[in-house]
Amino acid sequence: MKSSESWLQTASLEEIKRGYMEEGPAFICVCCGYRTEAGIIYPEEGVLYEAARYMRVHIEKVHGSVFEYLLELDKSVTGLSDVQRGLLAQFYEGKKDAEVQKTLGIGSASTIRNHRFVLKEKERQAKIFLALMELLKSKDTKAPAEWVSPVTRHGHTIHRDSFDITEQDREKVLKKYFPEGTGGPLTTFHMQQKHKYIVLTEIAKRFETERQYSEKQVNELLKEVHDDYVEIRRYLIDYGLLEREPDGSQYWLGSRADQQSAEVGKQERKEKGEQEKMNRRKELQEQAKEVKTEAGVYQIRNERNGKVYIDSTLNLKTINGQRFMLQMGSHLNRRLQAEWNEYGENAFVIEVLETLKQDDNPYYDPKDALAKCLNRWFEQLEPYGDQGYHGDKKESFPL
């Protein structure tokens, strides 16, 4: 039996978008491997569906949508960061950049636009990569015939660490599949592997430690969870949550079940620490908002030859960014950058020439006032030719 990841990886792009594959008379969900067959009528809430239509009902009922299912896959599968996943979810809901920024609390609307550009670039790169891999298939005779999922059932090569499960993930999944509480029945066992692992570790808690069970006792206990108790029993064994004698005469709680309890506690402590860091970061951000910014004019002066570069900013706290650009060799003023490279960082000082005074006049324009202030300093210092890094007197802005 293939895992859900195997169905997903063997499906074509169009089949993934649609959510199911066709194999003869069967329709197979690429998310979980659930099957429907042509010629069979499937009832659902008083409505009868033919196989293909019912598959779409299944996807909507179990997975929400193919988009939601794919977005919930581990980052090792999608290659998406948590920020990118959050952005895609917002874009899928049709939200505008300003709404996305407000919801996620990151950057500004222009930052969101930049993220859109990065995602489009990622899409273009993916197309080229897919084309390269398709062309490679005809030449690379040593390539494996099929992608092998790191989570296999009967091969016992389950890499649990790749799931990257948070306590929020656990709560969300358990609430979805145990609507009556974790002591109640399971709604379905058709779900992605990460969700299976979360659900199975919860089911394992129903077994007592240091007690042995017969197969009949295991089955009776699992029947209270779901009708597909045999499949659940097999998964519990494959995940190491249950162990058994080779002949199946005795079952007992596996060592991994105890490890999982320890891991949950460790994860909770980790998330508590991260939450405290996040709260502290928000506190510092709020403090930073309360500090008033000052606009003004500054200069970068070469102490060896006296030449200066002059510019203005609405926030004088940002002038250290000029030093950073010079250190990186990316300053926009080519003359200044060249002498910085020649004389070295210690030959230069960055100084505030004038701080713009606050004005409560409702018609006051700080940008206009700053521009006039900058022009006064250009007229006073004349930072051109041998005296500075600006082109000529006609220019009142840095080159």
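Guide: Buried means under 20% relative accessible area, exposed over 50%, and partly exposed in between (1.4 Å probe, protein chains only). This is a predicted model, in which local features need pLDDT of at least 70 and side-chain atom pairs count only at pLDDT 80 or more, while totals for chains, interfaces and linings use all residues. Residues are numbered from 1 along each chain as its sequence is written, and side-chain values use heavy atoms, with hydrogens and water left out.

Visitor: Is arginine 124 buried, exposed or partly exposed?

Guide: The relative accessibility of arginine 124 is 39%. Buried requires a value under 20% and exposed one over 50%. Arginine 124 therefore counts as partly exposed.

Visitor: With which residue does the side chain of arginine 124 meet in a salt bridge?

Guide: A salt bridge is a side-chain nitrogen of Lys or Arg within 4 Å of a carboxyl oxygen of Asp or Glu. The N to O distance for this pair is 2.6 Å. The partner of arginine 124 is glutamate 121.

Visitor: How far apart are the closest N and O atoms of arginine 301 and glutamate 351?

Guide: Arginine 301 is partly exposed, with a relative accessible area of 25%, and glutamate 351 is also given as 25%. The two residues form a salt bridge, and their closest N and O atoms are apart by 2.8 Å.
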